[in-house]
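Reader: Could you walk me through this model, one feature at a time?
Author: Gladly; let us look at it together.

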Protein chains: 4
Amino acid sequence: LSGAQLGLGLIGAGRIGRLHANNLLGHLPRARLLVVADVVEEAARQVGAPEAVTDYRRILDNPDIDAVLVCSATDTHARIIEEAAGAGKHIFCEKPIALSMAAVDRAAAAVERAGVLFQIGFNRRFDANYARVRQAVVEGEIGEPWLLHLISRDPEPPPLEYVRTSGGMFLDMTIHDFDMARFLIGSEVETVSVAAGVRVDEAIGALGDVDTALITLRFLDGTIASIDNSRQAVYGYDQRAELLGSRGLISTGNNYPNTAHVASARAVYRDLPLHFFLERYVDSYRAEMVAFVDAVLDGTPTPVGVKDGRAALALGLAALLSYQEQRPVRVSE
Amino acid sequence: LSGAQLGLGLIGAGRIGRLHANNLLGHLPRARLLVVADVVEEAARQVGAPEAVTDYRRILDNPDIDAVLVCSATDTHARIIEEAAGAGKHIFCEKPIALSMAAVDRAAAAVERAGVLFQIGFNRRFDANYARVRQAVVEGEIGEPWLLHLISRDPEPPPLEYVRTSGGMFLDMTIHDFDMARFLIGSEVETVSVAAGVRVDEAIGALGDVDTALITLRFLDGTIASIDNSRQAVYGYDQRAELLGSRGLISTGNNYPNTAHVASARAVYRDLPLHFFLERYVDSYRAEMVAFVDAVLDGTPTPVGVKDGRAALALGLAALLSYQEQRPVRVSE
Amino acid sequence: LSGAQLGLGLIGAGRIGRLHANNLLGHLPRARLLVVADVVEEAARQVGAPEAVTDYRRILDNPDIDAVLVCSATDTHARIIEEAAGAGKHIFCEKPIALSMAAVDRAAAAVERAGVLFQIGFNRRFDANYARVRQAVVEGEIGEPWLLHLISRDPEPPPLEYVRTSGGMFLDMTIHDFDMARFLIGSEVETVSVAAGVRVDEAIGALGDVDTALITLRFLDGTIASIDNSRQAVYGYDQRAELLGSRGLISTGNNYPNTAHVASARAVYRDLPLHFFLERYVDSYRAEMVAFVDAVLDGTPTPVGVKDGRAALALGLAALLSYQEQRPVRVSE
Amino acid sequence: LSGAQLGLGLIGAGRIGRLHANNLLGHLPRARLLVVADVVEEAARQVGAPEAVTDYRRILDNPDIDAVLVCSATDTHARIIEEAAGAGKHIFCEKPIALSMAAVDRAAAAVERAGVLFQIGFNRRFDANYARVRQAVVEGEIGEPWLLHLISRDPEPPPLEYVRTSGGMFLDMTIHDFDMARFLIGSEVETVSVAAGVRVDEAIGALGDVDTALITLRFLDGTIASIDNSRQAVYGYDQRAELLGSRGLISTGNNYPNTAHVASARAVYRDLPLHFFLERYVDSYRAEMVAFVDAVLDGTPTPVGVKDGRAALALGLAALLSYQEQRPVRVSE
């Protein structure tokens with residue numbers, strides 16, 4: 001790239017889009033957010049970038065724009081990726097790329113054809129806790145991985161309206177954990193086996209979805225992993241990992257707003273963990289954006305690419321099948 | 001019973017038998033250990049009770065003996081139970097009762113016929129950590145149980161000679177966890193699904209056994225549970241539980257020899273957890289013996305009975321089948 | 001103020017000045033850092049504000065500047081405060097205001113005369129851990145305060161050159177803790193009693209300073225407090241508080257780069273705490289700047305003022321006297 | 001000694017006497033508790049030893065008794081020690097030996113003259129947490145000691161009747177901490193400086209005693225220590241130590257009845273620490289008795305002797321003077 005700063009356009013000014021915009025506007029000296037597109041013009045304008053538009057094609061046509069952030073509704077991701085790649089823009093896309101393998105494959109092909117860089121928004125890879133677990137694996141600190149446990153619970157279920165279009169818990173929520181399991185172990189999953197049910201809210205079940213699940217993964221390298229998902233942990237966002245290896249165990253806890261503990265006449269207690277992903281992962285959202293900007297400006301590979309988005313979707317679809325047929329499912333099916 | 005003290009006989013003066021004997025001799029004012037039987041007379045004598053014999057039938061024939069502790073080799077348990085029940089002795093038996101359902105059923109029938117009290121040595125129920133989790137369930141502190149995780153790892157594998165006759169990891173090691181899951185949730189298991197392998201020692205695999213497993217249980221009440229077993233955790237005995245419910249989470253950690261933490265120029269560290277079951281469960285072994293003595297003297301039910309021993313074995317056999325056929329197995333099969 | 005944004009000038013582009021500048025440039029939409037002054041022009045320029053000057057009077061004369069940040073050498077603080085107040089600028093000043101009560105009183109008088117707002121850089125009041133302790137006091141969560149302990153240790157001693165001009169440990173380092181004790185308890189100190197010595201580096205002693213101290217404070221309300229200071233904790237910056245009250249105890253721990261714990265064959269360990277104040281107090285530096293900007297723009301009192309800077313200095317001078325004369329010293333002396 | 005077992009007599013069947021008796025009766029194969037003396041015969045009898053008497057001289061005259069435990073009222077300790085030493089009995093005595101240096105010196109002289117072994121009941125030295133701190137000092141794990149903090153708080157004040165005859169908080173309660181400080185640092189104290197007051201109960205103040213104190217010790221080796229005492233911590237017995245050294249920090253926490261943590265919709269909490277010394281120090285009471293029995297039977301020095309009892313009393317008296325005169329007091333005064 002010619003300049004020292006990367007020109008960026010944001011497509012979709014919803015919650016996650018605004019979050020990325022704030023990081024670009026406030027913290028990233030190498031990036032300039034030039035244009036925001038949203039079908040609701042007022043939403044686009046409020047982000048505070050120099051230009052606000054309603055048609056994202058104005059961003060794709062803009063020669064000052066080097067890269068786009070795709071933060072629109074999930075069902076528009078694949079199409080916008082294809083168009084953005086066609087326009088020669090580098091792409092950062094929120095997860096998931098799409099809800100079908102075919103759509104993902106088309107988007108991946110477009111990216112590859114265009115030779116643009118692509119990064120998927122698996123922000124948790126940039127979180128200090130998970131990064132530390134990965135470091136322990138890479139450096140051999142805990143030896144060969146044997147048993148991995150991921151806990152990933154939301155403080156409360158999303159609106160039913162959201163559940164209806166989300167693709168279901170495995171594709172919407174567990175997809176982060178599928179990526180995390182692959183990231184931490186550094187191997188691919190062979191079989192997926194699901195035990196799941198509806199415990200939080202019958203209305204979620206009425207929509208054909210589940211809200212409580214325990215998913216078992218077997219990796220090609222022999223590692224066995226469990227993912228514990230719940231749509232409701234009343235104490236707040238619960239995001240933990242623990243990994244037993246041949247030379248030791250590494251485990252992470254939740255993050256808290258402060259370290260204070262109070263001992264009263266009834267109990268020893270502390271405040272609840274950070275409530276949800278916006279509080280919990282604030283640093284990782286910033287770090288993934290830095291990584292994307294750096295990769296594009298420096299011409300290096302992005303740390304998490306199309307292949308990772310595809311693999312996580314494959315696991316989500318396998319989980320769905322395992323749940324429906326109550327049996328272990330090979331991912332290669 | 002006529003007297004204030006219970007007259008006891010110990011059958012089997014191995015490691016666990018000696019442990020029970022020490023508790024009886026040193027801490028239990030309501031109990032008198034009168035006779036110890038072991039095929040190795042010297043072993044019986046070293047326990048320090050008034051009388052040492054080589055033939056356990058001398059204990060069964062002794063009118064001063066109200067109750068027996070069956071701590072002999074597993075394959076003798078069922079037969080001795082039948083004989084002891086026939087002699088009208090109350091019975092405390094180490095786990096497992098037997099390795100086949102038929103043998104367990106015969107022993108159970110003998111106990112019922114004789115009307116004697118029976119307690120199985122699932123000592124962990126008497127541990128303060130697990131008891132606290134159960135209390136949280138019973139008192140509704142965490143609401144309705146949804147997701148349970150048990151971690152149960154040994155510091156090192158047993159001798160291969162032991163592995164050969166143990167019935168395999170599911171019947172020897174996991175059987176404690178099967179009982180714990182039933183105890184904590186207070187419901188019965190519907191299906192068992194196993195992912196397991198050999199990671200610690202190929203020689204264990206060569207004997208047809210596994211050393212690493214993740215077992216998923218589905219309870220009739222909808223609770224989903226995982227059991228994580230490893231024959232080797234290099235940091236020592238790892239015994240933890242955590243249970244998510246509709247109103248909260250309860251989790252337990254390991255027990256340590258002291259609470260000291262050291263901050264050095266390289267890390268903040270503490271000493272390793274208590275090394276193995278003899279150190280970790282010392283209080284629970286004492287408590288289960290108190291409970292047994294009290295039950296017999298007071299004529300109340302034992303806290304953990306034949307039915308519990310049977311149910312744990314059924315889960316172990318289901319796990320074995322699930323592992324062999326790589327599918328979820330209904331316990332009713 | 002006329003505009004929605006506060007125009008600011010920074011005087012002194014050293015480490016702490018640059019830190020404040022970065023916060024103003026990156027995170028504070030209500031603030032505009034317009035000019036930076038430093039005797040080294042290159043240092044001023046590198047901050048990245050629109051204008052860089054060598055003479056801070058250019059900032060005081062600038063009508064677009066509403067408020068100044070005084071981050072120059074300690075011995076210039078009082079004079080610049082007087083001049084800035086005379087120029088009608090609101091003032092944020094790094095601690096300490098001065099090393100003599102007379103100088104502080106002159107500066108305070110100038111501020112009062114001019115009617116400008118003044119905030120002293122006791123950033124730790126804005127830290128989430130200490131704020132939580134204060135909240136517990138204010139809300140009565142721990143009842144009436146009885147015994148307070150502050151631990152405040154640096155990872156390594158400052159350069160001897162710095163020690164020479166710092167005013168000594170009590171005025172340079174403990175001054176933060178004196179303010180913290182007053183802030184947490186909400187009462188004034190009656191007597192100061194010091195036990196101190198040279199343990200870290202004899203060269204510090206050769207300069208007439210100490211590097212290790214335990215300071216006891218008695219408050220007018222009866223609370224007793226200890227401050228533990230060391231110029232060297234090999235494990236990193238140690239910043240903790242604990243307060244016993246009539247209804248309970250509140251205690252805070254250090255902040256860590258991640259929550260990961262590793263259990264190896266030798267120990268259970270975690271990474272060291274955040275190394276020093278730049279890492280540890282990053283959020284509090286931002287928060288104090290937000291508070292200053294908000295106070296000026298909204299015309300509300302600053303949360304920590306001249307009186308607080310004066311009180312902390314008085315405690316520091318009393319500590320020095322107590323150390324020299326080896327006796328408890330009344331602050332009113 | 002001729003036999004393999006030590007013959008013991010207990011003088012004083014109050015709470016602490018019964019505790020030692022239970023340890024001797026239940027756990028110590030090398031010891032035989034033969035006679036218990038108490039002015040209340042029923043109290044002596046209830047201990048359960050073979051013989052119960054009202055006159056302790058019956059114990060001193062008994063040739064089967066090798067050693068006595070002096071657990072009577074404090075004001076009888078010194079006299080009984082002298083008589084027991086005169087009778088050639090080895091002596092274990094509860095703390096304190098006496099409330100005056102003259103009485104202690106007389107008792108010490110009698111012990112020395114008789115050449116009997118003497119152990120004072122500073123049980124905390126045998127606690128795993130404190131022992132671990134001492135180990136860190138001895139092994140150089142934290143380098144040279146610089147700053148020590150002891151927290152020692154009771155869950156509730158003793159009855160006023162007890163306060164009246166206890167010798168005051170410094171001689172009754174802090175005396176354990178004085179011994180602990182000496183034990184951990186392994187050096188002698190040069191000066192004592194006290195800040196103390198009445199916060200818990202005015203009635204304690206009306207008796208001329210204090211209930212809240214912060215005591216500063218300066219050791220000959222340069223270590224500075226603080227002791228935090230409160231007669232009331234509503235959350236229970238608070239017994240912690242932390243020691244900063246040139247190479248690191250070691251700190252201990254409280255002991256809890258279980259490791260369970262609950263996360264509810266309001267807080268993350270755990271049960272309160274073990275309530276008071278009988279629960280908290282159960283293992284250390286047993287260990288000190290084992291150490292005494294072993295020392296006598298093996299003819300080795302006792303781990304904590306007359307000199308230690310004397311030194312702790314000297315510190316208590318110095319503390320009292322420091323409190324009364326509001327100044328640092330040299331122990332050599």
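Author: Helices (H or I, at least four residues) and strands (E, at least two) are DSSP runs, numbered from the N terminus. By that count, chain A has 13 helices and 15 strands. This is a predicted model, in which local features need pLDDT of at least 70, side-chain atom pairs count only at pLDDT 80 or more, and totals for chains, interfaces and linings use all residues. Residues are numbered from 1 along each chain as its sequence is written, chains are lettered from A in the order in which they are written, and side-chain values use heavy atoms, with hydrogens and water left out.

Reader: How compact is chain A for its 333 residues?
Author: The radius of gyration is taken over C-alpha atoms, and the globule rule is 2.2 Å times the number of residues to the power 0.38. For chain A the radius is 20 Å, close to the 20 Å from the rule, so the chain is as compact as a globular protein of that length. Its C-alpha atoms fill a box of roughly 55 × 55 × 45 Å along the principal axes.

Reader: What percentage of the residues in chain A is buried?
Author: Buried means under 20% relative accessible area, exposed over 50%, and partly exposed in between (1.4 Å probe, protein chains only). In chain A, 61% of the 333 residues are buried.

Reader: How many salt bridges does the structure hold over all chains?
Author: A salt bridge is a side-chain nitrogen of Lys or Arg within 4 Å of a carboxyl oxygen of Asp or Glu. Over all chains there are 124.

Reader: Where in chain D do the partners D:Asp179 and D:Arg125 lie?
Author: Their closest N and O atoms are 2.8 Å apart in a salt bridge. D:Asp179 sits in helix α9 (residues 174-185) and D:Arg125 in the loop between β6 (118-120) and α6 (128-138), so the pair ties together parts 54 residues apart in sequence. D:Asp179 is buried at 1% relative accessible area, and D:Arg125 is buried at 11%.

Reader: Is B:Glu83 buried, partly exposed or exposed?
Author: B:Glu83 is partly exposed, at 25% relative accessibility. Its salt-bridge partner is B:Arg57 (3.5 Å, N to O). The pair links helix α4 (residues 74-86) with helix α3 (residues 57-60) of chain B, 26 residues apart. B:Arg57 is partly exposed too, at 37%.

Reader: Which residues of chain A are linked in a network of salt bridges?
Author: The network links A:Arg125, A:Asp179, A:Arg182, A:Glu188 and A:Asp308.
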